[in-house]
Amino acid sequence: GQISPPRIRRNVDWTEVKYETGRAGERKLKPGLASSVHGAVLELDAAVGGTSVQLGYLRTSASHAVAALRCVPPCECAPGEIAVNTNLSTSTTAYSEPHAFRMPRRARGTCRFRIRLTTQGERFKLVGMQVLNGASTLSR
């Protein structure tokens with residue numbers, strides 16, 4: 001698959017972040033998009049064809065943020081959810097499980113995905129999107 005900064009088509013209450021502060025107070029370059037606002041929405045364009053998508057996010061014990069993942073019609077996929085909390089003491093970048101999608105044959109363009117924060121006051125940081133090619137397991 002390809003890994004690249006996601007093409008943002010819509011942004012409501014997400015902020016571009018370039019740096020994070022480490023445990024010892026050091027400043028680290030860790031770009032991404034972050035929000036802690038309930039209902040914050042990001043719409044991302046796959047920009048290339050594929051059969052599934054994985055979202056890269058900051059997995060951390062400091063947050064219990066949860067985001068809902070949906071396809072924007074006419075693209076089709078089952079609803080998904082990403083929870084960032086972990087018991088590990090170190091924050092890491094994690095990728096969601098592959099999320100199958102498909103574009104109906106008569107539709108044009110590439111798939112768009114909507115990420116909507118379902119928690120309030122808990123930080124979710126998106127760091128990337130990977131579009132994969134392969135057998136789709138999307139079911140109706």
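Asn11 has its place in strand β2, where strands (E, at least two residues) and helices (H or I, at least four) are DSSP runs numbered from the N terminus. The model is predicted, so local features need pLDDT of at least 70 and side-chain atom pairs count only at pLDDT 80 or more, while totals for chains, interfaces and linings use all residues. Residues are numbered from 1 along each chain as its sequence is written, and side-chain values use heavy atoms, with hydrogens and water left out.

At 37% relative accessibility, Asn11 counts as partly exposed. On this scale buried means under 20% relative accessible area, exposed means over 50%, and partly exposed is in between, with a 1.4 Å probe and protein chains only. Leaving aside its neighbours within four places in sequence, Asn11 is in contact (heavy atoms within 4.5 Å) with Val41 and Leu42. Asn11 and Glu43 are 32 residues apart in sequence, and their C-alpha atoms are 6.6 Å apart in space.

Arg10 also lies in strand β2. Its relative accessible area is 38%, so Arg10 is partly exposed. When neighbours within four places in sequence are left aside, the contacts of Arg10 are Val41, Leu42, Glu43 and Arg114. Between the C-alpha atoms of Arg10 and Glu76, 66 residues apart along the chain, the separation is 18 Å.

Asp13 lies in the loop between β2 (7-12) and β3. Asp13 is partly exposed, because its relative accessible area is 44%. What is the phi of Asp13? Phi is near 70°, a positive value in a residue other than glycine. The peptide bond from Pro73 to Pro74 is cis, with omega near 15°. As background, most residues other than glycine have a negative phi, and most peptide bonds are trans.

Strand β8 (residues 80-83) holds Ile82. Is Ile82 buried or exposed? Ile82 is buried, because its relative accessible area is 6%. Apart from neighbours within four places in sequence, Ile82 is in contact with Leu55, Tyr57, Ala65, Val66, Ala67, Ser96 and Phe124.

Ser52 is found in strand β6 (residues 52-59). With 10% relative accessibility, Ser52 counts as buried. Not counting residues up to four places away in sequence, Ser52 touches Pro98, His99, Ala100, Phe101, Gln130, Val131 and Leu132.

The aromatic rings come next. A pair of aromatic rings is described by the distance of the centres and the angle of the planes. Rings of Phe, Tyr and Trp (its six-membered ring) pair if their centres lie within 6.5 Å; planes under 30 degrees apart count as stacked, over 60 as edge-to-face and the rest as tilted. How many aromatic pairs does the structure hold? There are 3 aromatic pairs. The rings of Phe101 and Phe113 have centres 5.0 Å apart and planes at 75°, so this pair is edge-to-face. The pair links distant parts of the chain, 12 residues apart: Phe101 is in the loop between β10 (99-100) and β11 (112-117), and Phe113 is in strand β11. Both Phe101 and Phe113 are buried. Elsewhere, ring pairs link Trp14, Tyr57 and Phe124 into a cluster.

A ring can also lie under a charge. The charged end of Arg27 sits over the ring of Tyr19, 3.7 Å from the ring centre. This term requires NZ of Lys or CZ of Arg within 6 Å of the ring centre and within 35 degrees of the ring normal.

The last topic is empty space. Rolling a probe the size of a water molecule over the atoms shows where empty space is left. On a 1 Å grid over the protein atoms alone, a pocket is an open set of points where a 1.4 Å probe fits, with protein on both sides within 12 Å along at least five of seven lines; lining residues have an atom within 4 Å of a point. The largest pocket has a volume of about 430 Å³, the volume being the space filled by probe spheres set on grid points joined across faces, edges and corners. Of the 16 residues that line the largest pocket, Glu20, Thr21, Gly22, Leu58 and Ser91 are the closest to its centre. At least two lining residues come from each of β3 (15-21), β4 (27-35) and β12 (124-132).
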